[in-house]
Amino acid sequence: NSVTQPILVQVGDDKIRQRNVFRKMIRFGAFVSFPAMLGLAFVAKEFIYILLGEKWLSSVPFLQLFCIWGAVGYLWLLYTNLLISHGKSDIYLYGIILISFLQLLVVGTLFSLGIYSMVIGYISAYYVGLLYWHYFANKLLSINLLDIAKDVFPYIVSILFSFLMAYLLTLYVDNMYVAFLLKVLIVVIVYC
C-alpha cells in the first residue's frame with residue numbers, strides 16, 4: 001500500500017505506462033495474495049483446530065469467507081490508490097460513504113437471518129465496491145474487467161489446481177497436524 005501510490009504518481013504523466021504498471025501490480029498481487037489467502041481458506045479447518053482447538057471449529061466458515069475477500073482485497077487498495085494519485089479524493093470519499101452505507105443496509109437487512117448471512121452480505125458489499133472502484137479506474141486508464149480477468153486468471157487456475165492436488169493426496173489423512181503440513185507443502189510445491 002505504501003509503495004503503490006508513489007509509483008502511480010511517478011508514472012502518472014504517461015497513461016499507457018501507468019496502465020501497464022497498474023496491471024503488473026494486479027498480477028503481482030494475485031501471485032502473492034491468492035496462494036496466501038485462498039491457501040488459508042483451504043487449510044482453515046486444520047489451522048483453527050491446531051491454533052485454537054476443536055471448540056472453535058464452528059468459526060471455520062467465517063475465516064474462509066474473509067479469506068476469499070482477502071484474496072482480492074488488494075485490488076481495493078490498488079484502485080483507491082490510483083484514484084488518489086489522480087487527485088480524485090472526492091470520488092474516494094463518496095465511494096467510502098456509499099459502500100459503508102451499503103454494508104450497513106445489507107447487514108441490517110440480513111440481521112434476522114443470522115451472523116453467517118450478515119457476513120456474506122458484508123463481504124458482498126465489498127465486491128460491489130470493487131465494481132465502483134473499477135468503474136472510475138476504467139475512466140482513468142481505459143482498463144476493462146476483461147483485462148483484470150486476464151491478469152488474475154493464470155494465478156486462480158494455478159492455485160485451484162494446487163488445491164485439487166493437495167486435496168486428492170491428503171484425502172485419507174486423518175491426523176490434523178499431518179494433513180495441515182502436507183496440504184501446505186503440496187500446495188507450495190505445485191504452485192511454484
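## Salt bridges

A salt bridge is a side-chain nitrogen of Lys or Arg within 4 Å of a carboxyl oxygen of Asp or Glu. In this predicted model, local features need pLDDT of at least 70 and side-chain atom pairs count only at pLDDT 80 or more, while totals for chains, interfaces and linings use all residues. Residues are numbered from 1 along each chain as its sequence is written, and side-chain values use heavy atoms, with hydrogens and water left out.

The side chains of Glu46 and Lys183 meet in a salt bridge with an N to O distance of 2.8 Å. This pair links distant parts of the chain, with Glu46 in helix H3 (residues 44-52) and Lys183 in helix H8, 137 residues apart. Both Glu46 and Lys183 are buried; buried means under 20% relative accessible area, exposed means over 50%, and partly exposed is in between (1.4 Å probe, protein chains only).

A search of the whole structure finds three salt bridges. Asp151 forms one with Arg23, where the closest N and O atoms are 2.8 Å apart. Asp151 belongs to helix H7 and Arg23 to helix H2 (residues 15-42), so that the pair links distant parts of the chain, 128 residues apart. Asp151 counts as buried because its relative accessible area is 4%.

Asp151 also forms a salt bridge with Arg27, the closest N and O atoms being 3.1 Å apart. Here too distant parts of the chain are linked: Asp151 is in helix H7 and Arg27 in helix H2, 124 residues apart. Arg27 has 28% relative accessibility and therefore counts as partly exposed.

## Overall fold

The protein has eight helices and zero strands. Helices (H or I, at least four residues) and strands (E, at least two) are DSSP runs, numbered from the N terminus. The C-alpha trace spans about 55 × 45 × 25 Å along its principal axes.

Of the 192 residues in the protein, 39% are buried. Among contacts (heavy atoms within 4.5 Å) with a separation of 6 or more, 71% are between residues 24 or more positions apart.

Thr4 lies in helix H1 (residues 4-10). Its relative accessibility is 11%, so Thr4 counts as buried. Leaving aside neighbours within four places in sequence, Thr4 is in contact with Met25, Leu78 and Asn81.

## Surface and charge

The accessible surface comes to about 11,100 Å², and 70% of this belongs to carbon and sulfur atoms. Accessible areas come from the Shrake-Rupley method with a 1.4 Å probe; for residues, only the protein chains shown count as cover. A nonpolar patch on the surface, with about 960 Å² of accessible area together, is formed by Phe161, Leu164, Tyr167, Leu168, Leu171, Tyr172, Leu185, Ile189 and Val190. Such patches are made of residues with over 30% relative accessible area and no salt bridge: nonpolar side chains (Val, Leu, Ile, Met, Phe, Trp, Tyr) are joined within 5 Å, and like charges within 9 Å.

Helix H7 (145-169) and helix H8 (176-191) each supply at least two residues of the nonpolar patch, and H7 gives the most, with four residues. Leu168 has its place in helix H7 and is partly exposed because its relative accessible area is 48%.
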